[in-house]
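Please read the following report on aromatic contacts alongside the model.

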Amino acid sequence: MIKKQKIGSEIDWVTTIVPFVIVLCLMLLFMILPEQSKQVVTDMRSFFGDTIGLYYAFIGIGCMIISLCWAFSGRYGQIVLGDERKPLYSNFKWGTMIFTSTMAADILFYSLCEWALYGGEPHVASLGDLQVWLPTFPLFHWGPIAWASYVVLAVCFGYMIYVKKRERQRFSEAMRPLFGDKVDGVLGYIIDITAVFAIVCATATTFSLATPLLTRALSVVFGIPATTTMVIIVLLLICSIYTITVLFGLSGISKLASLCSYLFFALLFYFLFLGGETRYIIETGFASIGNLIQNFIGLATYIDPLRHDTFAQDWTIYYWAYWLVWSVATPFFIAIISKGRTIRNVVLGTFGYGLAGTFMSFIIIGNYGLAQQLKHGVDIVGEVQNGDMYNAIMMIFDTLPLPSVALILLAVTMIAFYSTTLDGITYVASSYSYKNLKPDQEPSKYIRAVWSVLLIIFPIALLFAENSLYALQSVTIIAAFPVGLMLILIVAAFIKETRLDIKDVERRTLENDD
């Protein structure tokens with residue numbers, strides 16, 4: 001039976017309010033001094049993404065290797081997160097919550113256009129046949145390395161919450177084995193404020209991808225001008241859906257996740273069987289998976305030291321940083337819903353369900369658009385190079401039968417996806433607001449409602465501060481640097497703690513045998 005946490009002295013107002021104040025100050029600075037602030041942030045982004053870009057590559061590859069080692073380790077893999085005899089959720093519900101409550105909305109968006117974004121890249125052209133490489137890079141950039149940071153931290157947080165039964169569900173608490181009681185002071189506040197700051201920035205900027213597409217789709221279907229007012233209405237609609245859902249706690253999130261999966265399958269069915277490119281889509285997907293496996297190590301270690309082009313820095317490093325900054329929230333949610341599962345199950349299940357949904361989306365939806373470009377001469381790449389990515393996506397939908405029906409299905413699915421994703425983030429952010437929160441307790445519905453509103457304010461504010469959008473997106477990527485450091489410390493703390501726990505179990509076993 002889940003108990004409700006009372007509001008009052010249990011709320012940590014510093015961790016809750018300070019990150020929003022920092023983001024607000026940055027937005028005001030970007031608005032008051034747009035050129036100066038943009039130049040500073042651009043230089044910082046260049047340093048973090050170009051000069052020390054190898055840092056993000058090491059973290060991504062390292063997370064993938066470590067997580068697989070844990071999964072296949074006899075010592076680590078069999079550890080159960082919690083004392084339940086069976087998992088909290090069925091495999092289907094668990095899998096749908098992992099996919100729909102993490103990056104599903106962004107994955108759906110990029111499935112429509114990512115291959116076209118690579119169409120004008122000299123590096124991709126230099127590799128040879130575009131038919132081979134355009135559908136391969138999306139699978140690489142959204143593949144195992146991308147999901148690895150989620151997997152590693154989900155294991156660490158799950159162990160912290162359900163095995164050690166700690167009552168502070170925060171980044172700082174996961175580092176207690178290294179820093180001890182120091183995480184209760186200034187050091188802990190710095191860690192947690194940085195984490196919440198990253199959540200706020202990532203949430204605000206990710207809406208910059210979805211809302212223009214949703215607005216354009218609804219505009220085309222209903223003949224309504226795509227105005228700022230319409231964008232705000234879309235944002236408020238998403239806010240209302242995920243606020244209502246999150247008030248019902250994990251059960252509400254689980255039900256919305258199941259609904260999202262059915263909508264997602266319906267959209268995939270539309271593209272795969274009604275678009276007339278079934279054979280091409282399946283064969284291209286089959287070939288691109290093979291090409292990814294064959295060239296995975298080379299792709300993962302390509303940094304371009306001579307900087308013949310900036311593809312590695314603009315795309316690969318960017319994506320590792322982007323996924324890393326989101327790891328402040330989503331792994332916590334994966335950990336919370338993984339009660340009763342083994343570490344092996346969490347690692348292989350998260351990779352399995354996450355990659356299954358991701359690859360299906362990019363293969364079916366992405367390869368349909370690629371077919372229009374390469375087989376039928378629809379110049380989608382040219383439209384993207386002209387700077388109108390959303391019109392390029394509309395061109396793809398125009399080739400489908402009953403495009404208005406397809407656009408409505410897209411809009412409903414994306415709204416549901418973003419609502420589910422924000423549900424998970426809101427649940428995690430609400431947990432950060434508490435000084436102490438036991439594993440069997442949920443954050444108060446009032447705190448969840450407050451976070452639901454707070455997280456939608458900044459996307460709306462960005463509509464009236466266009467100059468700050470690029471800068472805030474850059475800040476999000478820059479924020480991935482300290483998040484990466486925190487990830488390394490959390491993994492080190494987990495290894496230290498589990499080694500001591502395993503030795504203690506082995507010692508007690510020997511004593512009992514004697």
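## Basis of the model

This is a predicted model, in which local features need pLDDT of at least 70 and side-chain atom pairs count only at pLDDT 80 or more, while totals for chains, interfaces and linings use all residues. Residues are numbered from 1 along each chain as its sequence is written, and side-chain values use heavy atoms, with hydrogens and water left out.

## Trp142 and Phe362

The structure holds 42 aromatic pairs (rings of Phe, Tyr and Trp, the last by its six-membered ring, with centres within 6.5 Å; planes under 30 degrees apart count as stacked, over 60 as edge-to-face and the rest as tilted). One of them joins Trp142 and Phe362, a tilted pair at 5.6 Å centre to centre with 40 degrees between the planes.

Because Trp142 lies in the loop between α8 (136-141) and α9 (144-163) whereas Phe362 belongs to helix α18 (residues 343-374), this pair ties together parts that are 220 residues apart in sequence (helices are DSSP runs of H or I with at least four residues, numbered from the N terminus). Trp142 is buried at a relative accessible area of 0% (buried means under 20%, with a 1.4 Å probe and protein chains only), and Phe362 is likewise buried, at 6%.

## Phe171 and Phe332

A tilted pair is also formed by Phe171 and Phe332, with 6.4 Å centre to centre and 40 degrees between the planes. Phe171 is in helix α10 (residues 171-174) and Phe332 in helix α17 (residues 330-336), so parts 161 residues apart in sequence are tied together by the pair. Phe171 is buried at 0% relative accessibility, and Phe332 is buried at 1%.

## A charge over a ring

The charged end of Arg341 sits over the ring of Trp94, at 4.0 Å from the ring centre (the criterion is NZ of Lys or CZ of Arg within 6 Å of the ring centre and within 35 degrees of the ring normal).

Conventions: Helix = DSSP H or I, 4+ residues; strand = E, 2+ residues; numbered from the N terminus. Buried < 20%, exposed > 50% of the residue type's maximum accessible area, 1.4 Å probe, protein only.
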